[in-house]
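Student: I have a model open and would like to talk through some of its contacts. Where shall we begin?

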Amino acid sequence: MDDSIRVTVESDGEEEAFRVYDTDGSVEVGDATFRFAVDDERLGTDADATDETGSSSPKADPPTDPRRLVAVDDVPTRGTVRFEAINGQRGTEGILERSGDEVYAWRNSCPHKPHVRLDPGFGARTTDDHIVCHEHGARFVRGDGFCTRGPCRGQSLDAIEVECRDGDVYLTDDRFDSGRRL
């Protein structure tokens with residue numbers, strides 16, 4: 001399945017949101033298990049990919065480094081860029097934020113309500129010093145993700161390790177195999 005499905009699983013006060021790329025499987029959070037199977041005739045094998053004339057369509061070349069997320073210059077200094085960090089068939093949505101030459105990455109969710117995205121798709125709200133949760137106004141220090149105001153005060157955003165090399169941002173977090181810009 002090329003497109004992912006965003007899933008949120010909640011159990012006994014624990015909540016986790018992630019992306020699923022497979023057509024069947026299961027996901028566990030705490031004591032809850034979410035099992036799924038998708039039947040969709042549009043989901044064929046690579047061998048089934050044909051164009052209107054019936055001939056096989058060429059596949060795009062895979063990226064040279066599956067951990068490359070974006071060019072550093074594509075990360076705004078006022079705002080965020082969404083990306084996905086992938087481990088096997090599971091994806092975790094993240095955000096990139098830039099301060100000078102440094103780029104920082106966090107899971108795209110508020111610690112107070114993990115199903116709430118800080119960047120819903122058009123960039124997170126930011127001030128000179130903070131990323132601001134659009135739902136309840138929590139403020140997270142840019143560069144370290146520590147919450148200084150709001151219902152999750154004292155907590156921090158879940159960091160995802162990245163590094164800048166040769167003008168690009170790369171996923172270096174060992175929890176993930178690859179990543180891509182959303």
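Student: How many aromatic pairs does the structure hold?
Tutor: The structure holds 1 aromatic pair, where rings of Phe, Tyr and Trp (its six-membered ring) pair if their centres lie within 6.5 Å. The ring centres of Y104 and W106 are 6.2 Å apart and their planes meet at 20°, so this pair is stacked; planes under 30 degrees apart count as stacked, over 60 as edge-to-face and the rest as tilted. This is a predicted model, in which local features need pLDDT of at least 70 and side-chain atom pairs count only at pLDDT 80 or more, while totals for chains, interfaces and linings use all residues. Residues are numbered from 1 along each chain as its sequence is written, and side-chain values use heavy atoms, with hydrogens and water left out.

Student: And W106, is that buried or exposed?
Tutor: W106 counts as buried because its relative accessibility is 3%, whereas Y104, at 25%, counts as partly exposed (buried is under 20% relative accessible area, exposed over 50%, partly exposed in between, with a 1.4 Å probe and protein chains only).

Student: Switching to strands, why is β6 called largely enclosed?
Tutor: Strand β6, residues 81-87, has 6 of its 7 residues buried, so the rest of the structure largely encloses it; strands here are DSSP runs (E, at least two residues), numbered from the N terminus.

Student: Which strands pair with β6?
Tutor: With β7 (residues 90-99), β6 pairs in the antiparallel sense over 7 bridges, and 4 bridges join β6 to β15 (residues 178-181), also antiparallel; pairing requires that DSSP finds at least two bridges.

Student: What are the bridge partners of F83?
Tutor: F83 has G94 as its bridge partner in β7 and R181 in β15.
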